[in-house]
Structures are given as C-alpha cells and as structure tokens.
Amino acid sequence: MTEATLHRTLVWAVFALAALTFASLLRFRAPYGRHYAGRGWGPAIPNRLGWIVMELPATALFAYVYATGQVATRTVPLILLAMWQCHYLNRTFVYPLRTRTAGKKMPLVVVVSGFAFNVLNAYVNARFISHFGAYDVAWLSDPRFIVGAAVFLCGLALNIHSDNILLRMRRHGGPDYSIPHRGPFQYVSCPNYLGEILEWGGWALATWSTAGLAFFVYAAANLGPRAVANHRWYKERFDDYPAERKALIPGLL
C-alpha cells in the first residue's frame, strides 16, 4: 500500500469516526466536565494533565508530520500551519493552564480516546497540507482560501472570547457553574463550540481538502450533540434559564 492510499483510507476513517461519535453522543453524555460524576468510567487523572495529554498530538505530532513534507517550506503551507497551531497551542496549553481545575478529574478512557483521535487527525491534515496538497502562492488570492481563512479567524475569535467569559466568571469567585449572560451567551448556550465548528469549516474551505472536510464533519458531529447536552443540563439545573436561548445556532438549534 502506498502512503497516498493509506492517507485516503485514514481520511475515510475520520468520516467513519464522525458517524460513530454522533450516534454515541445521541445516547450518552461525554463523561467529563459538568457531565462527569466521578465514577463509573474507570481510572481518572487530574483534569489539567488529562487535557494537555489528550491534545498534545494536535500540536507536537502535527508539527513533526508537517516538517517531513516535501512542500513544508512553501508560503501557503506555512500559513496553514500557523492557522492550525493558533488554535491548538491555545487549546493544548493556554486554556488548560488558565482553568480552575483543583480537585477535578478526567476519565482515562476519555484521555486515551481523545489522544488517539488527535494522532489520526494530526497526521491526515498535516500530511496533506505539507506533502500531498498542491498550493502555489496564487492560492492566497483564491476566494476559497480568502473566505475559508476569514471564517476560521472569526470562529477562533468567537471560541476564545467565549472561553474568556467563562473563565472570568470563575476567576471572580463565582460558583463552579452559573448562567453566563454576556456576549454571545445571550443567544446560545455554547458559543465556544459554535466558534470551533466555524474554525474547522473555514479550515476545510481554506485547505480545499477531503482531510479538512473530514475534520469539519467530525467537529460538528462531536460538538453539536455536546452543545445540546450542555443546553439541556443548564435548563435542568437553573429554573430561570433564558427560554429564548438556543443550544448552538442562534434562533435555530
């Protein structure tokens, strides 16, 4: 089997995992954060450590695979690399180090499964943009790249801004969970998830790749049901939760 054939096979594996993840999350809530009761999922490790380990392949392995590509030093692949790392350096290191996680645990099974997915996803996307993809400088003026990069940056800004609102609420001495009311939380319960889905939709467009599309489909299949679960949790926990607020998409879902 050639590497190109292996790469295509692994891309389709991401699509298959998206379908499996979506079906699973319709039945079960992902056991971490507010949905983890501290039992029933086997061994657990400190939340901050688990988060960093789980996300590490998306930064370190991605960079390594990228560096081995035949076109890794060209302009467009380097810009795509920067886009990817802007998200994942924040997600792997900055975000978990800013959270208040004292005493909180994450099931090891979640860490291992997340780590495995990130290994797969990092390889298929890094290998495409630095090796299998064909990008010349003219791609920077292509509408697909321009629109995709704009959507990615808007999603990144929404994701980080939403995280900052939640982190600030806890930093100022509030309870573990309360109703957020500022910014995009006025419209949806999980604007951070919406931002991340937009990021990978923009990535799929900017890279114009099946690998990027597979990741976008997986992100939507993973984060969509989780947003619905979080929205339902808020409504069950708080009697005064805003009735007009949606889970993920303003006015729709």
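Visitor: At 3.3 Å, which backbone nitrogen does the side chain of His131 reach?

Guide: That of Gln70, at 3.3 Å from the side chain of His131. A polar contact is a pair of N or O atoms within 3.5 Å; within protein, one must be able to donate a hydrogen and the other to accept it, and sequence-adjacent residues count only through two side-chain atoms. The model is predicted, with pLDDT of at least 70 needed for local features and 80 or more for side-chain atom pairs, while totals for chains, interfaces and linings use all residues. Residues are numbered from 1 along each chain as its sequence is written, and side-chain values use heavy atoms, without hydrogens or water.

Visitor: Where is His131 placed, and what is His131 in contact with beyond its neighbours within four places in sequence?

Guide: His131 sits in helix H4, residues 108-132 (helices are DSSP runs of H or I, at least four residues, strands are E runs of at least two, and both are numbered from the N terminus). Beyond those sequence neighbours, Glu3, Gly69, Gln70 and Val71 are in contact with His131 (heavy atoms within 4.5 Å).

Visitor: At what angle do H3 and H4 pack?

Guide: About 155 degrees, with axes 10 Å apart. Axes are lines fitted to C-alpha atoms, for helices over the stretch in contact, and angles run from 0 to 180 degrees between N-to-C directions. H3 is therefore roughly antiparallel to H4 (over 145 degrees; under 35 is roughly parallel, 65 to 115 roughly perpendicular, the rest oblique). From H3, Pro77, Leu80, Leu81, Trp84 and Tyr88 meet Asn118, Asn121, Asn125 and Ile129 of H4. Six of the residues in this contact are nonpolar, three polar and none charged (Ala, Val, Leu, Ile, Met, Phe, Trp, Tyr, Cys and Pro are nonpolar, Asp, Glu, Lys and Arg charged, the others, Gly among them, polar).

Visitor: How do the axes of H1 and H7 cross?

Guide: At roughly 10 degrees, coming within 8 Å, so H1 is roughly parallel to H7. The H1 side includes His7, Val11, Phe15 and Phe22, and the H7 side includes Thr210, Phe215, Tyr218 and Arg226. By class, this contact has 15 nonpolar, four polar and one charged.

Visitor: Which way does H6 run against H7?

Guide: The axes of H6 (residues 191-207) and H7 (residues 210-237) come within 9 Å and cross at roughly 170 degrees, so the two are roughly antiparallel. Among the contact residues are Tyr193, Trp200 and Trp203 of H6 and Phe215, Phe216 and Arg226 of H7. Here twelve residues are nonpolar, five polar and two charged.

Visitor: How many cavities of 30 Å³ or more are there?

Guide: Rolling a probe the size of a water molecule over the atoms shows where empty space is left. The structure holds two such cavities. On a 1 Å grid over the protein atoms alone, a cavity is a set of points where a 1.4 Å probe fits but cannot get out; a pocket is an open set with protein on both sides within 12 Å along at least five of seven lines, and lining residues have an atom within 4 Å of a point. Points join across faces, edges and corners, and volume is the space filled by probe spheres set on them.

The second largest cavity has about 40 Å³ of space. Asn90, Val94, Tyr95, Arg98, Ile160, Asp163, Asn164 and Leu167 line the second largest cavity, with H3 (75-98) and H5 (143-171) each giving two or more residues.

Visitor: Which helix gives the most to the lining of the second largest pocket?

Guide: H1, with five residues. The second largest pocket has a volume of about 160 Å³, and its lining includes Trp12, Phe128, Phe132 and Trp208.
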